[in-house]
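Hi everyone, thanks for making time for this. I'd like to walk you through a structure, so let's get it up on the screen.

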Amino acid sequence: MSVEKWDAIVVGSGPNGLAAAITMARENLRVLVVEARGTVGGGMRSMELTLPGFVHDVCSAVHPLAVASPFLKSVPLAEHGLELIHPTVPLAHPLDGRPPAILERSVDRTAAGLGDEADAHAYRRLFGPLTEDAEKLYSDLLGPLRPPRHPVAALRFGRVALRSARGLAESRFRGEQARALMAGIGAHAILPLEWRPTAAFALMLGIAGHAVGWPVAKGGSRAIAEALASYLRSLGGTIETSRPITTLDDLPPSRAYVLDVTPRQVVAMAGDRLPSGYLRQLSRYRYGPGAYKLDWALDGPIPWRDEACRGAGTVHLGGTLAEVAASEAAVWRGEHPERPFVLLSQPSLFDPTRAPAGKHTAWGYCHVPNGSTVDMTDRIEAQVERFAPGFRDRILARSVMNPAALERYNPNDIGGDINGGVQDFRQFFARPVARLNPYATPNRSISICSSSTPPGGGVHGMCGYHAARAALRKVLSAE
């Protein structure tokens, strides 16, 4: 590794690490990104996990926030090879004995498909104004706690977002389709649906489905990482891969160090440069449930009972609101639900580069207690079979990643936690600790930019962007 002095060194090349590096390189600073694995990406990698010719997303697969992100919208990713593909509809949520709930790009079409006129009216009232405010909301909310620049839009959002997803669903809707739709989107919070502010997750992702869609990247999520890396290099940034860092002493001199890692790794990597009080705060940071993930190589498309599911890029499998809520609550009690809530993506229906001709890929996971070693394969596949009889007969091969495997692959996934830590009220904005500048540490030269900082998990780069802006103000602008 070079021993020359840099303006900034970023440890980790996930979406936030690359966003931080790009933000600083745009200011004509000399920036180095150091990545432990052989390729960039963090949670944005794709590879042949099952059989030759079947390309699977190792971690993230569907990217609504990549389109909504103010930072990523500022990057010319298409010029660097990225093509986003929009499925026919963003999301389907099948139910037993009744039509599925379908989240379409149109608020009106989504509402009309809910099977209840009162629910259709309530859906339009809820999501119509919020979707119109989408750009303002993502500008204000994808970042640290601060006075909103669009207070009217923020107030309209906040008065319902601070509720629980279950409370919002049951108070606004009376039919199972609308309630199940809200439950499935809210479960992305990886919290019990009775907890606040799970409604915020349901609203943010629902708004994204209408305003920008839930696309997949052509060729796999790695295409996003490769486009970001290409743009960074065009700005003069340097990337070194296959360079694991255990301590900041492994790095050359730099005016600033920006760490795309979680609090536990910050303690291990930079503990000798941080005061004991701050280290104790970091050690109290809480990680949430893990994920148990399967990837399938299939000899045909998933044989959904309801044809509408075949046009969806994402399918939520869990049944009614009560069933989804019971599954998520059980995980928080340290239990493994017999009928887990399963998040499934079927990208090869829309991106033929993912599989050989006539074949398909699918990706699915459920939530499990942090660090779980229980095999959830049969339970996940039973949920798919429940709504797609004959699914198991189409499996050519599967890849299994339990929480330990996820953490081995991406050390930020502590115990399989793919969200960078719990995002309940306590850690919603005060992550990793309660500070006016959440990205800064008591050491002026060290910042944190991972999803353990606001606004949290997702491929949006906003943690990295805000951390870099803070570093520019605090360290790199000082002479």
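Let's start with a question: in what order do the seven strands of the open sheet run? The order is 7-6-12-13-14-11-15, and the pairing is mixed. Before I go on, please keep in mind that this is a predicted model.

At the edges of that sheet stand strand 7, residues 98-103, and strand 15, residues 395-401. Each has a single partner strand, so one side of each is left without a neighbour in the sheet. From one strand to the next, the twist averages 20°.

For a closer look, take strand 12, residues 312-317, and strand 13, residues 342-345: they pair in the antiparallel sense over four bridges.

Five strands form an open sheet in the order 9-2-1-10-16, and here the pairing is parallel. Its edge strands are strand 9, at 238-240, and strand 16, at 446-448, each pairing on one side only. The twist in this sheet averages 20° from one strand to the next. Strand 2, residues 31-34, pairs with strand 9 in the parallel sense over three bridges, and V33 stands opposite I239 in strand 9.

As a quick reminder, strands of a sheet pair through backbone hydrogen bonds, either parallel or antiparallel.

On to the inside. Which residues have the most contacts inside the largest nonpolar core? They are M24, Y123, Y138, F157, L203 and L228, in a core of 108 residues. Helix 10, residues 198-211, supplies the largest share of this core, with nine residues. Let's follow L228: leaving out residues up to four places away in sequence, L228 touches L18, I22, M44, L72, V75 and L77. Apart from this core lies another one, of 25 residues, including Y292, L294, L298 and I395.

Let me finish with the whole protein. There are 18 helices and 16 strands, and buried residues make up 63% of the 479 residues. Among contacts between residues at least 6 apart in sequence, 76% join residues at least 24 apart. Along the principal axes, the C-alpha trace spans about 65 × 50 × 45 Å. A compact globule with 479 residues would have a radius of gyration near 23 Å, and the protein has 21 Å, which agrees. Finally, the accessible surface comes to about 17500 Å², and 51% of that belongs to carbon and sulfur atoms.

How values were computed
Residues numbered from 1 in each chain as written. Predicted model: local features only at pLDDT ≥ 70, side-chain atom pairs only at ≥ 80, totals over all residues. Heavy atoms only, no water. Pairing = 2+ DSSP bridges. Helix = DSSP H or I, 4+ residues; strand = E, 2+ residues; numbered from the N terminus. Axes fitted to C-alpha atoms, helices over the stretch in contact; angles between N-to-C directions. Core = buried A, V, L, I, M, F, W, Y, C linked by side-chain atoms within 4.5 Å. Buried < 20%, exposed > 50% of the residue type's maximum accessible area, 1.4 Å probe, protein only. Contact = heavy atoms within 4.5 Å. Rg over C-alpha atoms; globule rule 2.2 N^0.38 Å. Areas by Shrake-Rupley, 256 points an atom, 1.4 Å probe, with all protein chains shown as cover.
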